[in-house]
Amino acid sequence: MPALPTTYGNLVDIAKSLDPDGTTASVVEMLNKEVPILQNFPFMQGNLETGHRHTIRTGLPEGTWKRLYEFVQPGKSQKVQVDDACGMLEAFTEVDEKLIELAGAAGPAYRRDEDMAYAKGMGHQVAETMVYGNGSTSPAKFTGLAPRYNSLSAPNAGNIIDAGGTGSDNTSVWLIVPGKGQVHGIFPKNTKAGISMKDLGVETKTESNGGLLRVYRSQLKWDVGLAVADWRYCARACNINVTGLTKDASGGADLVDLIVDLTERVPSLEGAQLYCNRTIRSFLRRQMINHKNVNLTMETVGGKKVMTIAEVPLYRLDSIVNTEARVV
């Protein structure tokens, strides 16, 4: 039976412990319904004010075969340190003071609804960045998964499967095994997880020509990042040509075969999760009819019914686009 990681808290767990009034937690719970990756990933406090630094072992020492009275040379393992930075996402909501007065008792609820709309949009932004964010080309963002698994000749190429698409109408399926020392979300040292909402009350807004407007204003902030401590715990099936997909895999990508291949690329499937967009999931369900030896079932994972393949839960993540360039 598949299960979500429970050793480390997700955003809801952390938000509830940090905000007794429930404000942040309610926002995070709403986001989970829209973006399941935010619920499934463990989030941990980084050891840096800007993110998290983790030490990766890149080489193991080896013993020496010897005969009597021969010397043995000492050795040591090789390590490197990698910093994963967080991004700072921020927004303000503004509602005319007069509108709130006219709304009467419904005014606070209207403001709350506007705050929720912004929070929902921020959730989708974070999910998109977790996939495609690139801190090198967009320094304000954190680096997501795609830029880390984007070369068929890189050291982690063994966890990248080329499905053969050559144009710019490609997509990917991801297999991720989240956990400490593997893949997880991060938030900066000495800060809170999830969205922080602050009611700033009524403030005066000034136009460039000197005009004044009194508005109710809220501030929403989210400092968040992604850490990939061990690249072996994530695998990508890329270059899946979307326009070439068929319901019987008679020319386009064989999605069932790709997923089976993905499950063999990671050290362990304990807590593993599959992510694809609605296009892939739709064709996958149809292709499953022609793969009688592969079971597509509905299982209860984290209290919710989730589609699973070989006991690995499959989640729809529409942040994964159908317009990816070819990975080479």
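User: What makes two strands count as paired in this predicted model?
Analyst: Two strands pair if DSSP finds at least two bridges between them. Strand 7 (residues 196–206) and strand 8 have 9 bridges in the antiparallel sense, so they meet the cut-off of at least two. One of the bridges joins S196 to K221 in strand 8.

User: Which residue takes a positive phi in the hairpin of strand 7 and strand 8?
Analyst: G210 does, with phi near 100°; the hairpin has 5 residues between the strands.

User: How do you know that strand 6 pairs with strand 8?
Analyst: Strand 6 (residues 183–187) and strand 8 share 4 antiparallel bridges, and the definition asks for at least two, so they pair. H184 has A227 as its bridge partner in strand 8.

User: What makes strand 3 a partner of strand 8?
Analyst: Strand 3 (residues 78–96) is joined to strand 8 (residues 212–228) by 11 bridges in the antiparallel sense. The requirement is at least two, so this pair also qualifies. Within the pairing, G87 stands opposite V224.

User: Why is V35 called buried?
Analyst: Its relative accessibility is 2%, and buried means under 20%, so V35 qualifies. V35 is in the loop between helix 2 (23–34) and helix 3 (36–40). Beyond four places in sequence, V35 contacts G123, H124, A127 and L317.

User: Why is T263 called buried?
Analyst: T263 has a relative accessible area of 14%; the limit is under 20%, so T263 is buried. T263 belongs to helix 6 (residues 255–263), and its side chain reaches the backbone oxygen of V260 at 2.6 Å.

Terms used
Residues numbered from 1 in each chain as written. Predicted model: local features only at pLDDT ≥ 70, side-chain atom pairs only at ≥ 80, totals over all residues. Heavy atoms only, no water. Helix = DSSP H or I, 4+ residues; strand = E, 2+ residues; numbered from the N terminus. Buried < 20%, exposed > 50% of the residue type's maximum accessible area, 1.4 Å probe, protein only. Contact = heavy atoms within 4.5 Å. Polar contact = N/O pair within 3.5 Å; in protein donor to acceptor, adjacent residues only side chain to side chain.
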